[in-house]
Amino acid sequence: MIESNKVKKILYGGDYNPEQWPEDTWEEDMRLLKLAHIDVVTLNVFSWAALQPDEETYCFDKLDKIMELVTRHGMKICLATSTGAHPAWMARKHPDILRTEFNGMKRKFGSRHNSCPNSPTYHKYAVALATKLAERYKSYDNIVAWHISNEFGGECYCENCEKAFRKWLQKKYKTIDAVNAAWDTAFWGHTFYDFDDIVVPNMLSEHFTENHTTFQGISLDYRRFNSESILNCYRMEYDAIHAITPDIPITTNLMGNYQSLDYQMWAKYMDFISWDNYPTNEAPYEETAMKHDLMRGLKQGKPFALMEQTPSVTNWLPYNALKRPGVMRLWSYQAVAHGADTVMFFQMKRSIGACEKYHGAVIDHAGHENTRVFREITELGAELDKIGALTLGGRTDSKVAIVFDWDNWWATDYSAGPSVNLHYCDEILNYYKALNDQNISVDLISVEDDLSVYSLVIAPVLYMVKPGYDEKIRTFVNEGGNFVTTFFSGYVDDHDLVTVGGYPGKLRDILGIWVEEEDALPEDTENSFTYDGITYPATLICDLLHTEGAEVLCGYEKDFYAGMPAITCNTFGRGKAYYVATRSNAEFYRTFTGQICQEAGIMPVMDTPESVEVTRRINGNGTFLFILNHDTQSHDITLPLGGKDILTDILYQPGKNITLSAKNVAIIHLP
Ligand code: GLA
Ligand code: ZN
């Protein structure tokens, strides 16, 4: 599907469920989908019940017909394995497949994404089904990808999981003493004598809400265990399919910054990344950009698939507002601008029943092509046909990285103190938005990724410093890199145990500071600091720190700690390490990151008015500038270099103005 020789353009399509409709409607579907320039369909996402009516019986007749239908119409297939929802008979006969919720409630049959990840029944039958599908359809050379299950996620707290958790802990820690040390169980007399003493951390044990635990170490390990358990389910199907069709890439649809699964670990087992993008109309476009970049970063910048988005509305928001005219196109190109090589929808056709019947689709309940949504889809489809293979495989050349780490996210969210308003992703977005608004390209990277390719690395709220990560940062700065971190950084190790001797622990020497105390400000209070002549608010957290070699760039202006440093810069080896001891506003982040970038010689892709986003992708055909006007008014944009808009075929000379109407897009090909 991605970087495959079967694909010569940005694939356009998405989830198609003809099994929910009479067969005599299928040909008309094909006519409409072809009319809309759809060329890929994701099939078989939720058909387990039909494919396997009991333990022994498999029935592929209908799927055979559907495969044949779409193949006859020249479509590519993204073939799902259907294991995202188990059949009713399986739940009745093998209740071990049912999940237990966080509050201890054992579920009955119902809904979807409902199988216990440690259920032997689930493992057995999911792998069997995946194997049968691969055997049966391996000769279809229009299968461009396997799509395992659907939006893996959630948690389970059943007895199977509890037993598996103990085994997982035994493997990780070897001895119960090591577990006690890692979780600091001397606190509140929690010493475990045997692995069998350990129970799952939920509302029946350590938690008093989902995010409030009395033992961070236990809860953190359970998150890791749960993410790995679900990953194992994916991997079992992967291995079964890969053995039969080694040349067909395998993926599963991720969900951006979805908290329960450590996607950076998952990515290692995925042939390419695909994800489902469902921003609300109100979501800042920078937040969507950040999610795309997070997904691109999972495989070190390789293009990804936009597996789902709605053509118009969703059904699950309180107010399912329409995507305004042009917005579906704009957001589709935003995905491509950030590294997507497909544009896909949920869904091809609205069902007549159940909870998604009012979710947007290519084919609406009206059943014909005379709708606004269908017209917009068709127009975009024609454009993608025209673009062809030109932009495929394009890479982004970022000099700035923001560190994103799932363990750190879990740990900061579980932390009791300093502030309920401290949310990891908000702090990531503050820095991301500042750079994105300046059209400075950013990679979101994991703690395992190489830093040496970047000039600036920002690690907001690097609360957990995993073993060896301080050394990685030390080397990066020492060799000339610029590093930025913030309040609530360097506190703990990978078990959430505090590094004693003063915060920010192992980062102290790099930053040249020592944090003595940290003041959490209630929502209606703020301090301030004056940076480069402008006074900015200091909110959320104010660290009270002392320098140990760092230069003070500015200090607090109020309260008993007025005059103490708010922002510092330490020259370390050939590089610089900045510490931002508080949270501020968008203007500050923009100025601050802008100055560091300027000093480091990091250039914006180009200058544009507010709300006009620009990214750059580079491949063997040249460089492509994606200019996206997110605004509700038109803007004039000056092109620094000459090039051709591949959407309009207009050739622009250097220094020429492009007038981009509201929500419009230009893709300039610089040869
Ligand atoms: C998810 C699922 C789809 C569908 C859409 C609706 O992304 O993968 O099956 O439910 O949401 O928005
Ligand atoms: Zn379970």
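Biologist: Contact here means that heavy atoms lie within 4.5 Å of each other. Which residues does Pro537 touch, not counting residues up to four places away in sequence?

Modeller: The model is predicted. In it, Pro537 belongs to strand S18, which covers residues 534-547. With neighbours up to four places away in sequence left out, the residues touched by Pro537 are Glu526, Asn527, Ser528, Phe529, Arg583, Ser584 and Asn585.

Biologist: Is Pro537 buried or exposed?

Modeller: A residue counts as buried under 20% relative accessible area and as exposed over 50%. The relative accessible area of Pro537 is 17%, so Pro537 is buried.

Biologist: What distance separates the C-alpha atoms of Pro537 and Tyr579?

Modeller: Along the chain, Pro537 and Tyr579 are 42 residues apart.

Biologist: How does the shell around ligand 1 divide into nonpolar, polar and charged residues?

Modeller: Among the residues surrounding ligand 1 are Phe46, Arg112, Asn150, Glu151, Tyr278, Glu308, Trp316 and His359. By class, the residues of this shell divide into 4 nonpolar, 3 polar and 5 charged.

Biologist: How much of the area that ligand 1 exposes when taken alone does the protein bury?

Modeller: A polar side-chain atom of Glu151 lies 2.6 Å from an oxygen atom of ligand 1, and for Glu308 the corresponding distance is 2.4 Å. A polar side-chain atom of His359 lies 2.7 Å from an oxygen atom of the ligand. Taken alone, ligand 1 exposes 300 Å², and the share that the protein buries is 97%.

Biologist: Phe346 also belongs to the surroundings of ligand 1. What is the omega of the cis peptide bond that joins Phe346 and Gln347?

Modeller: Gln347 lies in the loop between strand S11 (340-345) and H12. The peptide bond joining Phe346 and Gln347 is cis, and its omega is about 25°.

Biologist: Which residue does a cis peptide bond join to Tyr503?

Modeller: The loop concerned runs between strand S15 (482-486) and helix H16 (508-511). The cis bond has an omega of about -5°, and the residue it joins to Tyr503 is Pro504.

Biologist: Asp496 lies in the loop between S15 and H16. Does Asp496 count as buried or exposed?

Modeller: Asp496 has a positive phi of about 65° although it is not a glycine. Its relative accessibility is 13%, so Asp496 counts as buried.

Biologist: Is Gln300 buried or exposed?

Modeller: Gln300, in the loop between helix H10 (285-297) and strand S10 (304-308), has a positive phi of about 50° although it is not a glycine. Its relative accessible area is 52%, so Gln300 is exposed.

Biologist: Within what arc do the buried residues of helix H1 fall when seen down its axis?

Modeller: In H1 (residues 26-35), the buried residues are Trp26, Asp29, Met30, Leu32 and Leu33. They line one face of the helix, because the arc within which they fall, seen down the axis of H1, is 170°.

Biologist: What covers the buried residues of H1, and which residue with positive phi follows the helix?

Modeller: The cover includes strand S2 (40-43), helix H3 (61-72) and helix H12 (372-387). The residue that follows H1, with a positive phi near 70°, is His37.

Biologist: Why do the buried residues of helix H15 line one face of the helix?

Modeller: The buried residues of H15 (residues 469-478) are Tyr469, Asp470, Ile473, Arg474, Phe476 and Val477. Seen down the axis of H15, these buried residues line one face because they fall within an arc of 165°. An α-helix has 3.6 residues a turn, so residues three or four places apart point the same way. The arc that answers the question for H15 is therefore 165°.

Biologist: Which elements do the buried residues of H15 pack against?

Modeller: After H15 comes Gly480, with a positive phi near 115°. The elements against which the buried residues of H15 pack are strand S12 (400-403), strand S14 (456-459), S15, H16, strand S20 (565-572) and strand S21 (575-580).

Conventions
Residues numbered from 1 in each chain as written. Chains lettered and ligands numbered in written order. Predicted model: local features only at pLDDT ≥ 70, side-chain atom pairs only at ≥ 80, totals over all residues. Heavy atoms only, no water. Near = heavy atom within 4 Å. Polar contact = N/O pair within 3.5 Å; in protein donor to acceptor, adjacent residues only side chain to side chain. Areas by Shrake-Rupley, 256 points an atom, 1.4 Å probe, with all protein chains shown as cover. Nonpolar A, V, L, I, M, F, W, Y, C, P; charged D, E, K, R; others polar. Helix = DSSP H or I, 4+ residues; strand = E, 2+ residues; numbered from the N terminus. Buried < 20%, exposed > 50% of the residue type's maximum accessible area, 1.4 Å probe, protein only. Arc of directions from axis to C-beta.
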